[in-house]
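Reader: I would like to go through this model and ask what stands behind each label. Please give me the value and the cut-off each time.

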Amino acid sequence: MNWKKGELHKNKQLLEKAEDIWEIEIKAKTILTKLGFTNLHEKINKLSVGQRRKLDLARVLVNHPHLLLLDEPTNHLDLKQSSGFRIFY
């Protein structure tokens, strides 16, 4: 194969982006599983209010914040959901 130098650089960048996306997907699935989600293909409008709050939390945790301040984080969670939330304390 005859690859031009610019094409190789572009392909390397695309591969690095794909690897980053793969890592984010794995991280997101891990966090969602730890928060008690079993069906990762469930439509958001089918989730309970508590599950939506946990989904909001997962969105934040994927970015690995250094500091996360939450006001009444278990307010919309039932006892079972609340116990799963404590994994991240």
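Author: Start with burial. Buried means under 20% relative accessible area, exposed means over 50%, and partly exposed lies in between. By that rule, 19% of the 89 residues of the protein chain count as buried. Keep in mind that this is a predicted model.

Reader: What makes up the secondary structure of the protein chain, and in what order do the elements run?

Author: The protein chain has three helices and zero strands. From the N terminus on, the order is α-α-α.

Reader: What share of the contacts in the protein chain with a separation of 6 or more comes from residues 24 or more positions apart?

Author: That share is 45%. A contact here means heavy atoms within 4.5 Å.

Reader: Now the charges. How many salt bridges are there?

Author: The count comes to three salt bridges. In general, side chains of opposite charge can pair when their charged atoms come close.

Reader: Why is the pair of glutamate 25 and lysine 29 called a salt bridge?

Author: The rule asks for a side-chain nitrogen of Lys or Arg within 4 Å of a carboxyl oxygen of Asp or Glu. The closest N and O atoms of glutamate 25 and lysine 29 are 2.9 Å apart. So the pair meets the rule and is a salt bridge. Both residues lie in helix H1 (residues 5-34), four residues apart, about one turn of the helix.

Reader: Are glutamate 25 and lysine 29 buried, partly exposed or exposed?

Author: Glutamate 25 has a relative accessible area of 34%, and lysine 29 has 40%. Both values fall between 20% and 50%, so both residues are partly exposed.

Reader: Which residues are linked in a network of salt bridges?

Author: Arg53, Asp56 and Arg59 are. Aspartate 56 pairs with arginine 53, the closest N and O atoms being 3.1 Å apart. Aspartate 56 also pairs with arginine 59, at 2.9 Å. Both distances are within 4 Å, so both pairs are salt bridges.

Reader: Where does arginine 59 stand relative to leucine 32?

Author: The two are 27 residues apart in sequence. From C-alpha to C-alpha they are 9.3 Å apart in space.

Reader: Why is lysine 54 called buried?

Author: The cut-off is under 20%. Lysine 54, in helix H2, has 6% relative accessibility, so lysine 54 counts as buried.

Reader: How do you know that the charged end of lysine 54 sits over the ring of phenylalanine 37?

Author: NZ of Lys must be within 6 Å of the ring centre and within 35 degrees of the ring normal. The charged end of lysine 54 is 5.7 Å from the centre of the phenylalanine 37 ring, and is classed as sitting over it. The C-alpha atoms of lysine 54 and leucine 35, 19 residues apart along the chain, are separated by 6.8 Å.

Reader: How many aromatic pairs are there?

Author: The count is zero.

Reader: What makes histidine 64 stand out, and is histidine 64 buried or exposed?

Author: Phi of histidine 64 is near 50°, a positive value in a residue other than glycine. Histidine 64 lies in the loop between H2 and H3. Its relative accessibility is 56%, over the 50% cut-off, so histidine 64 counts as exposed.

Reader: Which residues form a nonpolar patch on the surface?

Author: Val60, Leu68 and Leu70 do, with about 210 Å² of accessible area together. Leucine 70 lies in the loop between helix H2 (49-61) and helix H3 (79-85). At 41% relative accessibility, leucine 70 falls between 20% and 50% and so counts as partly exposed.

Note on methods
Residues are numbered from 1 along each chain as its sequence is written. This is a predicted model: local features need pLDDT of at least 70, side-chain atom pairs count only at pLDDT 80 or more; totals for chains, interfaces and linings use all residues. Side-chain values use heavy atoms; hydrogens and water are left out. Helices (H or I, at least four residues) and strands (E, at least two) are DSSP runs, numbered from the N terminus. Buried means under 20% relative accessible area, exposed over 50%, partly exposed in between (1.4 Å probe, protein chains only). Rings of Phe, Tyr and Trp (its six-membered ring) pair if their centres lie within 6.5 Å; planes under 30 degrees apart count as stacked, over 60 as edge-to-face and the rest as tilted. Patches are made of residues with over 30% relative accessible area and no salt bridge: like charges are joined within 9 Å, nonpolar side chains (Val, Leu, Ile, Met, Phe, Trp, Tyr) within 5 Å. Accessible areas come from the Shrake-Rupley method with a 1.4 Å probe; for residues, only the protein chains shown count as cover.
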